[in-house]
Amino acid sequence: MSSADDMVVIQDLKKHFTGIEALDGVSLTVKKGQVIVILGPSGSGKSTLLRCVNQLEEKTSGEIWIDGEKLTHNSKQIDKIRSEIGMVFQHFNLYPHLTVLENITLAQKIVKKISKEKALENAMAQLKRVGIPEKANNYPAQLSGGQQQRVAIARALAMNPKLMLFDEPTSALDPEMIKEVLEVMLDLAKAGITMIVVTHEMGFAKAAADEVVFMDKGQIVEKASPVVFFTNPTHERTKLFLSQILNH
Amino acid sequence: MAQLTNAKVKPPRRNSPEYREYLRLKLRAAPWWLYAIIAIAILTFITIFTNIPFQKAFLFIKAGLSVTITTTLIAFIFALVLGLLTGLGRISDNTFFKNLSTLYVELIRGIPMLVLIFFIAFVGIPGVVNGLKAFGIWLTEIGVSGIGGWLSAIKNEVPMNTRAVIALSTTYGAFLAEIFRAGIQSIGRGQMEAARSQGMSYWQAMRYIILPQAIRNVLPALGNDFISMLKDSSLVSVLAVRDITQIAKLYAGRTFQYQEAYITLAVLYLTMTILLSFLMKFIEKRIQKNEQR
């Protein structure tokens with residue numbers, strides 16, 4: 001089902017929560033190196049779709065392949081695949097009892113069994129990449145929201161992931177901090193990292209996405225290149241969504 | 001808010017009108033109750049060292065201090081282990097452990113502590129010992145004579161001090177379990193998700209991410225329970241364990257000096273609990289400082 005240049009293949013994915021059909025038959029293919037931006041109203045299933053990819057949410061039915069490997073219920077396999085997928089959360093979820101450096105090195109050491117020196121070296125490299133190496137020995141509470149989210153991105157990158165998932169990474173930030181996080185994400189997109197991004201930042205979608213996916217009521221309504229999506233959408237629901245967010 | 005009252009404000013100049021107001025506020029905020037307790041303790045200690053009957057009572061009763069302290073310490077360490085395991089069981093997805101932990105907590109919480117101590121010491125422990133012996137005899141019969149012989153040779157007479165420790169730790173294990181459970185549940189779901197998303201197993205996430213934060217949050221509550229346990233250790237005197245309460249009772253019964261015996265006893269407990277709560281306040285302050293980093 002999954003060819004060699006596919007990073008993620010999702011086939012007829014369904015997810016029921018009690019009383020709600022969060023995902024109602026979603027199929028999506030993400031090629032290696034692609035940046036996919038998922039848009040849609042809240043409650044449309046965007047986050048659930050993202051969380052099913054690294055199995056933070058257990059799917060009800062359907063199949064998912066990551067880099068050719070089919071996801072199963074085997075907890076060893078789940079842990080292994082998760083260690084190869086970086087995830088960035090809306091609320092950063094840094095470990096508050098650890099320093100920035102410890103946040104970035106912990107999983108390298110205990111999951112990937114990398115030596116302390118290598119992990120530290122790697123952590124510093126990632127901190128430079130996100131532009132805040134001077135904060136290495138601070139605690140998360142001493143950082144601004146934008147800095148915390150950049151540390152979270154560095155923490156994910158330090159695991160050398162095949163795929164990065166972003167779950168509304170700028171939604172909890174003050175407006176003036178959104179830019180610094182989006183700039184880091186744009187750099188990653190340019191560097192050819194495969195990314196799936198759930199966001200409300202249309203500017204990022206236009207600038208970085210290879211494809212924009214629009215979801216509503218647990219289904220993919222429209223999938224198109226950003227140029228087509230923003231200038232000439234085919235679906236009525238998409239037009240309505242775009243008119244509401246662009247006309248103010 | 002606490003920082004506001006604790007902040008070191010530079011006192012105004014003496015004899016200025018502000019100085020009177022400053023002094024008034026300072027006197028109002030002082031912990032008078034604590035000074036009262038300290039005064040009572042000092043008075044009692046002076047009495048103990050100047051008044052011969054009190055001195056005699058004190059010298060007799062202090063022989064039980066080591067039993068009270070070791071019983072409390074050992075029982076608390078076991079209760080911590082039991083409480084942590086049970087607390088983890090309460091939030092576990094495993095149906096068996098979840099129900100077993102809940103059963104244990106609910107059973108203990110529904111029975112008075114004094115009754116529990118009698119029950120564990122005179123019903124529970126002999127029951128378990130007899131069960132193990134019967135199991136050992138059965139093992140020997142079916143040919144596993146190594147473990148079988150060892151089990152069937154267990155002595156019936158478990159010392160009362162051991163029974164007291166088991167009874168106290170079983171009881172407090174249930175209380176501490178609820179503290180640990182609440183502490184773990186106070187850590188946001190995002191922490192577990194972040195750890196799992198990096199490929200950590202459930203237990204790795206617990207050990208490196210959740211528990212360090214949870215335990216820090218519940219340290220004050222654990223300290224409180226340690227003080228409670230020190231006081232409740234007086235209940236084991238019903239098992240004739242020679243802690244300070246039992247010895248004070250003996251002394252009072254023998255000499256009819258009830259005042260001397262029980263005033264000395266009360267002040268001994270008070271001294272220990274106040275020292276412990278000072279220690280706790282000190283630890284809490286250090287934690288707060290760490291959190292302000």
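This is a predicted model: local features need pLDDT of at least 70, side-chain atom pairs count only at pLDDT 80 or more; totals for chains, interfaces and linings use all residues.
Hi everyone, and thanks for coming. Let me start with the interface. Chain A brings 23 residues to the contact, and chain B brings 18 residues. Together they bury about 1,900 Å², and carbon and sulfur atoms give 54% of that area. If you want to know where to look on chain A, go to Tyr95(A), His97(A) and Ile110(A): they supply 29% of the area that chain A buries against chain B, more than any other three residues.

What about charges and polar groups? The rule finds 2 salt bridges across the interface of chain A and chain B. One of the salt bridges to show you joins the side chains of Arg51(A) and Glu193(B), at 2.6 Å from N to O. On the chain A side, the elements giving two or more residues are helix H2 (75-83), strand S6 (85-88) and helix H3 (100-110). By type, that side of chain A has 14 nonpolar, 5 polar and 4 charged residues.

Now please turn to chain B, and to Gln191(B), which belongs to helix H10 (residues 189-197). Is Gln191(B) buried or exposed? Its relative accessibility is 9%, so Gln191(B) counts as buried, the cut-off being under 20%. And what does Gln191(B) touch? Leaving out residues up to four places away in sequence, Gln191(B) touches Asn93(A), Leu94(A), Tyr95(A) and Pro96(A) in chain A, along with Ile209(B), Ile210(B) and Gln213(B) in chain B.

Let's move on to the strands of chain A. There is an open sheet of 4 strands, in the order S2-S1-S4-S5, with antiparallel pairing. Strand S2 (20-31) and strand S5 (69-70) are at the edges with a single partner strand each, so each has one side without a neighbour in the sheet. Further in, S1 (residues 6-17) and S4 (residues 61-66) pair in the antiparallel sense over 5 bridges. There, Ile10(A) has Ile64(A) in S4(A) as its bridge partner.

My last stop is a hairpin. Strands S9 (residues 211-216) and S10 (residues 219-224) of chain A are antiparallel and pair over 5 bridges. Val213(A) sits opposite Lys223(A) in S10(A). The hairpin has 2 residues between its strands, and Lys217(A) takes a positive phi near 50°.

Technical notes. Residues are numbered from 1 along each chain as its sequence is written. Chains are lettered from A and ligands numbered from 1 in the order in which they are written. Side-chain values use heavy atoms; hydrogens and water are left out. Contact means heavy atoms within 4.5 Å. Buried area is the accessible area (1.4 Å probe) that two parts lose on being put together, summed over both. A salt bridge is a side-chain nitrogen of Lys or Arg within 4 Å of a carboxyl oxygen of Asp or Glu. Ala, Val, Leu, Ile, Met, Phe, Trp, Tyr, Cys and Pro count as nonpolar, Asp, Glu, Lys and Arg as charged, and the others, Gly among them, as polar. Two strands pair if DSSP finds at least two bridges between them. Buried means under 20% relative accessible area, exposed over 50%, partly exposed in between (1.4 Å probe, protein chains only).
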